[in-house]
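Here is a colleague's note to read with the model open beside you. Take the points one at a time and find each residue on screen as you go.

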Amino acid sequence: MKRFSYTSQPARVVFGAGSLSQLGTEIERLGAQRALVLSTPEQRSSAERVAEMLGPRAAGVFDRAVMHVPIETAREAREVARRVGADCAVAIGGGSTTGLGKAIALDSGLPILAIPTTYAGSEMTPIYGITEGGMKKTGRDLKVLPRTVLYDPELTLGLPVGLSITSGINAIAHAAEGLYSAEGNPVMDLMAEEGIASLGRALPGIRRDPADLEARSQALYGAWLCGTVLGNVGMALHHKLCHTLGGSFNLPHAETHTIVLPHALAYNASCARDAMARIAQALGGTSAAQAVFDLAADNGAPIALRDIGLKAGDVDRACDLALQNQYPNPRPLERAAIRQLLQDAYEGRRPSH
Ligand SMILES: NC(=O)c1ccc[n+]([C@@H]2O[C@H](COP(=O)([O-])OP(=O)(O)OC[C@H]3O[C@@H](n4cnc5c(N)ncnc54)[C@H](O)[C@@H]3O)[C@@H](O)[C@H]2O)c1
């Protein structure tokens, strides 16, 4: 067995249908008296519902969260938090809203109570990202790790099927790369396998019936496990490619992950055989790359980068950017093979192995 180190991260998780009703108790537990509730403009009504539940413990609603946390939005939210005397941020929504809470926490140290409504997993990580001048800078700081996470599958019933599938495969990507991470450990491996298997079972169920609470619960449970893996061990080629494609070509986050993952796995397959066997087994297939591709294709997700806004002429630049900084990856980064990987993802080819 290889040597490893393992540090558990201090987050409290409350899981289950209807767990939003625990909000008051959980806020009390944090000792908060004036919570600023955060959301995107689209989820304003959920934020208002949360503020209503908090009653006098709500200091206001800030509903301007957007993808990739622009510095201007972060500054505005920090200013509002100061003005209303907030002592806690309650983020209800996906990774964009949790990300805004993190930007506030980074600046002020306010505790975050996260109520995730997608499968992105940001709520389980100490990773933050802020975009300034078109560049997204990311970092790690335990200050931004939410103190409490309320997972209520009922809040995901309205997540559109398309976003449910891509967000679920986004979560699978965290676990898949965790299984071959240079910082991997047996505890994260267990969570990764269980997370992938749970999402692999849940996503077809959600496609069949978006209101299937058991499938929604399984998906959110998987998202929790996969998000924990993302927060604990370093990622590799797949996340680097998606970060480049999202940041430099403004491609949508979850769709990009969904399209690139099968190709990143095919690239790494020969150098991470044990991880690939575990991913394939968790999805009930024989090839990790093909099983992920089929999960996406069979459930109506986009499979080609050209269908989500990448231009043929961007592929070379994406390749250059992806090769700029070296980072740990099971297989060394080889220009010709990475260029081919991006071409395959651009065209939406099913991996051959
Ligand atoms: N720091 C981290 O650890 C980390 C991890 C994962 C993702 N992220 C970041 O999170 C962002 C992506 O997050 P995302 O994929 O969750 O998307 P998102 O938060 O941008 O949400 C996408 C859209 O779906 C809506 N939505 C969310 N939940 C809904 C629901 N249940 N019903 C109806 N609509 C709903 C949102 O309001 C938004 O309009 C990216 O910026 C990514 O970089 C960060």
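1. **What you are looking at.** Please keep in mind that this is a predicted model. The protein is divided into two parts, domain 1 (12-156) and domain 2 (161-347). Between the C-alpha centres of domain 1 and domain 2 there are 25 Å.

2. **Where the domains touch.** How many residues of domain 1 are in contact with domain 2? There are 18 on the domain 1 side, and they meet 21 residues of domain 2. On the domain 1 side, 11 of the touching residues are nonpolar, five are polar and two are charged.

3. Have a look at strand E4, residues 88-93. Is E4 buried or exposed? Six of its six residues are buried, so E4 is largely enclosed by the rest of the structure.

4. **The partners of E4.** Strand E2 (residues 35-38) pairs with E4 in the parallel sense, over four bridges. To find the place, look for Ala35, which stands opposite Cys88 in E4. E4 also runs parallel to strand E5 (residues 112-116), and five bridges join these two. Here Ala89 stands opposite Ile112 of E5. The chain gets from E4 to E5 by way of H4, and this β-α-β crossover is right-handed.

5. **Around the ligand.** Which residues are closest to the ligand? They are Gly94, Gly95, Ser96, Thr118 and Ser122, out of 29 residues that surround it. Helix H4 (95-108), strand E6 (127-132), helix H5 (161-179) and helix H9 (253-268) each supply at least two residues of this shell. H4 gives the largest share, with four residues. By kind, the shell holds nine nonpolar residues, 19 polar ones and one charged residue. Domain 1 and domain 2 each contribute at least three residues to the shell.

6. **Leu159.** You will find Leu159 in the loop between strand E8 (148-151) and H5. Why does Leu159 count as buried? Leu159 has 21 C-beta neighbours inside 10 Å, and the cut-off for a buried residue is 20 or more. Leaving aside neighbours within four places in sequence, Leu159 is in contact with Thr117, Thr118 and Ser164. Thr117 is 42 residues away along the chain, yet the C-alpha atoms of Leu159 and Thr117 are separated by 7.5 Å.

7. **Two residues with a positive phi.** Most residues other than glycine have a negative phi. With that in mind, check His68, whose phi is near 70°. His68 sits in the loop between E3 and helix H3 (71-83), and its 16 C-beta neighbours inside 10 Å make it partly exposed. Then check Asn250, which is not a glycine either and has a positive phi of about 55°. Asn250 lies in the loop between helix H8 (237-249) and H9. With 12 C-beta neighbours inside 10 Å, Asn250 counts as exposed.

8. Finish with helix H11, residues 288-298. Which residues of H11 are buried? They are Ala288, Ala289, Ala291, Val292, Phe293, Leu295 and Ala296. Against which helices do the buried residues of H11 pack? They pack against H5, helix H6 (186-208), H9 and helix H10 (273-282). H5 and H9 are also among the elements that supply residues to the shell around the ligand. After H11 comes Gly300, with a positive phi near 80°.

Notes:
Residues are numbered from 1 along each chain as its sequence is written. This is a predicted model: local features need pLDDT of at least 70, side-chain atom pairs count only at pLDDT 80 or more; totals for chains, interfaces and linings use all residues. A residue is near a molecule or strand if its C-beta atom, placed from the backbone, lies within 6 Å of it. Ala, Val, Leu, Ile, Met, Phe, Trp, Tyr, Cys and Pro count as nonpolar, Asp, Glu, Lys and Arg as charged, and the others, Gly among them, as polar. Domain bounds come from an automatic or database domain assignment. Two strands pair if DSSP finds at least two bridges between them. A crossover is right-handed if, with the strands pointing away from the viewer, the path from the first strand over the helix to the second runs clockwise. Two residues are in contact if their C-beta atoms, placed from the backbone, lie within 7 Å.
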